[in-house]
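Here's a quick walk through a protein model, one feature at a time. Have the viewer open and follow along.

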Amino acid sequence: MNVTIIGAGLGGLTLARVLHIHGIPSTVYEAEASPTARAQGGMLDIHEENGQPALQAAELTDEFRDLVLEGREATRILAPDGTVLFDDDSERGRPEVLRGELRRILLESLPAGTVRWGHKVSGVRALGDGRHEVTFADATTVTTTLLVGADGAWSRVRPLLSDATPAYIGRSFVETYLFDADTRHPATAKAVGGGALFALEPGKGIQAHRESGGTLHTYVALTESQEWFAGIDFTDSAAAAARIAGEFDGWAPELTALITDGETPPVLRTLNALPVEHRWDRVPGVTLLGDAAHLAAPNGEGANLAMYDGAELGKAVAAHPDDLEAALTTYEQALFPRSAEAAADGDELHDLMFGPDAPQGLLGLFTGGQE
């Protein structure tokens with residue numbers, strides 16, 4: 001048996017690593033041309049209940065600990081005028097690491113040749129008896145005994161199992177960066193502090209995180225239609241930044257500088273989600289993990305759940321090496337309620353952060369109702 005995994009994200013790589021530990025070969029097909037083809041996003045807080053056990057199953061706990069950026073669990077909430085409403089630098093069992101570094105240690109833990117770069121899937125079809133044929137953009141094909149869709153929001157594998165497609169949640173993020181902020185943007189660096197910053201009003205907010213050194217990574221949230229965002233020319237970086245910053249007129253300049261002084265072009269990140277209770281009937285020889293299975297509103301759980309999915313699937317296959325259907329049934333029976341709960345929590349968190357009483361809801365979450 002060789003397990004075919006589509007997508008070299010954290011979930012797919014965790015699956016490949018756990019399978020490797022148990023002596024089960026796998027091949028990961030990834031559309032990107034190389035491990036460095038694009039930036040891998042920002043900080044991830046790795047949770048005690050899912051991300052950390054997944055890394056333990058992958059036997060990478062020590063390597064993970066070496067990546068932890070100390071102090072990045074600090075959290076502060078600011079009012080739009082810059083007033084500090086909440087400031088806490090305590091640790092909550094969710095150490096922060098850079099996503100790209102976490103992906104690197106997973107890639108380095110796999111045998112050479114496990115990941116096949118530059119393989120973009122163009123089609124997948126069932127052949128019967130649990131086998132599937134995957135066709136790539138270069139017209140090459142592979143036939144599978146176990147096919148795993150770890151290929152994200154717009155999974156090409158998902159249609160084998162489900163008719164569901166992601167839908168816009170009514171909100172988007174705009175991503176910006178400041179570099180060497182302690183020297184070049186000291187007021188903004190001071191406002192962000194050592195970890196995460198939330199500055200919120202109903203329907204919108206500025207969220208930033210200190211990464212390594214003086215890098216400040218920002219996600220500006222706006223509750224607007226896709227048509228509204230389509231009216232902004234993101235190919236004109238200065239005009240786009242000014243348009244987005246205009247939605248925060250009157251806010252403290254050290255906060256709006258996260259938008260106006262951005263040193264990379266602002267990038268629109270449209271937020272989509274699958275139905276909270278997304279599930280499917282058992283289809284022989286194929287399953288999903290991560291965003292392909294349970295794309296949800298961002299709530300800090302996505303990467304953790306993807307890795308946990310990968311670890312749990314790998315362990316299930318290892319426990320039933322001669323009965324793949326038993327392995328997939330075991331995996332999916334636990335997957336569905338777990339992912340539904342996390343998706344519902346994500347919706348609730350967005351209501352707390354961007355609902356009509358923002359930022360009071362988030363303050364209450366951190367203080368237990370004691371503001």
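## The cavity

The largest cavity holds about 30 Å³ of space. A cavity here is a set of points on a 1 Å grid over the protein atoms alone where a 1.4 Å probe fits but cannot get out. Grid points are joined across faces, edges and corners, and the volume is the space filled by probe spheres set on the points. Searching the whole structure turns up 1 cavity of 30 Å³ or more.

What lines the largest cavity? Look for L274, P275, V276, H278, A293, H294, L295, S339 and A343; lining residues have an atom within 4 Å of a point. Helices α10 (291-294) and α12 each bring at least two residues to that lining. Helices (H or I, at least four residues) and strands (E, at least two) are DSSP runs, numbered from the N terminus. By type, the lining splits into 6 nonpolar, 3 polar and no charged residues. Ala, Val, Leu, Ile, Met, Phe, Trp, Tyr, Cys and Pro count as nonpolar, Asp, Glu, Lys and Arg as charged, and the others, Gly among them, as polar.

## A note on the model

This is a predicted model, where local features need pLDDT of at least 70, side-chain atom pairs count only at pLDDT 80 or more, and totals for chains, interfaces and linings use all residues. Residues are numbered from 1 along each chain as its sequence is written, and side-chain values use heavy atoms, with hydrogens and water left out.

## Where α12 meets α13

Helix α12 (residues 324-354) packs against helix α13 (residues 360-367) at an angle of about 120°, and their axes are 5 Å apart. Axes are lines fitted to C-alpha atoms, for helices over the stretch in contact, and angles run from 0 to 180 degrees between N-to-C directions. L349, L352 and M353 of α12 make the contact with G361, L362 and L365 of α13, contact meaning heavy atoms within 4.5 Å. That set comes out as 5 nonpolar, 1 polar and no charged.

The loop between α12 and α13 holds P359. A cis peptide bond links A358 to P359, with omega at about 5°.

## Two positive phi angles

E59 isn't a glycine, yet its phi is positive, about 55°. You'll find E59 in the loop between α2 (51-57) and α3 (61-67). With 51% relative accessibility, E59 counts as exposed (exposed is over 50% relative accessible area, buried under 20%, partly exposed in between, using a 1.4 Å probe and protein chains only).

D129, also not a glycine, has a positive phi of about 60°. The loop between β8 (121-128) and β9 (131-136) is where D129 sits, and D129 is exposed at 80% relative accessible area.

Definitions and conventions. On a 1 Å grid over the protein atoms alone, a cavity is a set of points where a 1.4 Å probe fits but cannot get out, and a pocket is an open set with protein on both sides within 12 Å along at least five of seven lines; lining residues have an atom within 4 Å of a point.
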